[in-house]
Amino acid sequence: MNERNGRKRILSGIQPTGNAHIGNYLGAIRHWVASQGEYESLFPIVDLHAITVPKDPKQLRAHIRETAGILYAAGIDPEQSTLFIQSHVSAHAELAWILNCFIPMGWMERMTQFKDKAGAARERVSVGLFDYPALMAADILIYDADLVPVGDDQRQHLEMTRDLAQRINSMFGKTLVVPEASIPPVGARIMGLDDPTSKMSKSETGQGHAIDLLDSPDEIRAKIRRAATDSSRVIEFDESRPGVNNLLVIYEAFTERTREDIEAHFDGKGYADLKRELSEVVIEGLRPLQERYREIRKEPGYLDAMLKEGADKVRPIADRTLRRVMDKVGLG
Ligand code: AMP
Ligand code: TRP
């Protein structure tokens, strides 16, 4: 693990919020799986990020295991990738504090995700929610990650991470690797089925908003059947018709067929056909994951053992970077 063997390192995190959905899968997880042979791959389950909004402690702990199970079931291979719990590696939080002291308030105030999440409750949400991007920057910079594969919603956080690494490098000389975002061309922004103008989100709990990765076939069919469309009948990729467009993008991402091919396939068919076919594509696309998830959950202790091993592997890397930054800054 200390030896990269010339391979680039990728890092990406996922929050253990308990209802991972097809947006997470299509925008992030499946790309992690596809690239793990090529890159050294580190995937923290970011529990410290999860507590930026109120969480039931028992549920949080259960959701951490559920998320780990989903990632392994999706094809994250413990031989090739390292999955671990963020809070098991204390250097993340320590580096986040130091980074905090080099992030201008103005940069943080521009973060649109905070504005969206806080909304009208701005005075009541936690300071942690505001500071969330500093911890995310620490997750990335502490491993000298080269590439960060994420969905489109993380673009701005990644830009800030790059700006911050450059700022620290210009203040103290070369200290941190400036990472690149890797955002997929298809599926980087899956929208809510009930409201295709807002992104599919774990915090949106409305029935029919998201297709969760562990949803049963009947739940998937019912959600897609109720998905918002429009009064036109033409089945075409067209961003000005977000409902139909979103269904087609999901179809495209699961089947990996070209847009021309998909439009030709649905030519002359109706929305009911599109929804029926899409349901089967999603059900089949998730079936292997769901089967493996059930297998993994039958083995008590497996996940905890793997997560502990993961944290033990990455801790020395994180500690080294923290030490390097502390030295440069003049701490201790
Ligand atoms: P989160 O669940 O917020 O921790 O997100 C985990 C990963 O899924 C991140 O890389 C996100 O950018 C990605 N992601 C979250 N929601 C979506 C979405 N609706 N479409 C595509 N990617 C998403
Ligand atoms: N903020 C990311 C999200 O909500 C999760 C995350 C935390 C992350 N740390 C990260 C993603 C580091 C990439 C790299 O989706």
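Helix H7 (residues 127-141) gives the shell around ligand 2 its largest share, 4 residues; helices here are DSSP runs of H or I with at least four residues, numbered from the N terminus. This is a predicted model, where local features need pLDDT of at least 70, side-chain atom pairs count only at pLDDT 80 or more, and totals for chains, interfaces and linings use all residues. Residues are numbered from 1 along each chain as its sequence is written, ligands are numbered from 1 in the order in which they are written, and side-chain values use heavy atoms, with hydrogens and water left out.

**The shell**
- Ligand 2 is surrounded by 13 residues, the closest being Gly13, Tyr132, Met136, Asp139 and Gln154 (near means a heavy atom within 4 Å).
- That shell splits into 7 nonpolar, 5 polar and 1 charged (Ala, Val, Leu, Ile, Met, Phe, Trp, Tyr, Cys and Pro are nonpolar, Asp, Glu, Lys and Arg charged, the others, Gly among them, polar).

**Polar contacts** (N or O pairs within 3.5 Å)
- Tyr132 puts a polar side-chain atom 2.7 Å from an oxygen atom of ligand 2.
- For Gln15, a polar side-chain atom sits 3.4 Å from an oxygen atom of ligand 2.
- Gln154 has a side-chain N or O atom 3.1 Å from a nitrogen atom of ligand 2.
- On its own, ligand 2 has 370 Å² of accessible area, and the protein covers 91% of that (Shrake-Rupley method, 1.4 Å probe).

**Ile98**
- You'll find Ile98 in helix H4 (residues 91-100).
- Ile98 is buried, at 8% relative accessible area (buried means under 20%, with a 1.4 Å probe and protein chains only).
- C-alpha to C-alpha, Ile98 and Asp195 are 40 Å apart in space, and 97 residues apart in sequence.

Definitions and conventions:
A polar contact is a pair of N or O atoms within 3.5 Å; within protein, one must be able to donate a hydrogen and the other to accept it, and residues adjacent in sequence count only if both atoms are side-chain atoms. Helices (H or I, at least four residues) and strands (E, at least two) are DSSP runs, numbered from the N terminus. Buried means under 20% relative accessible area, exposed over 50%, partly exposed in between (1.4 Å probe, protein chains only).
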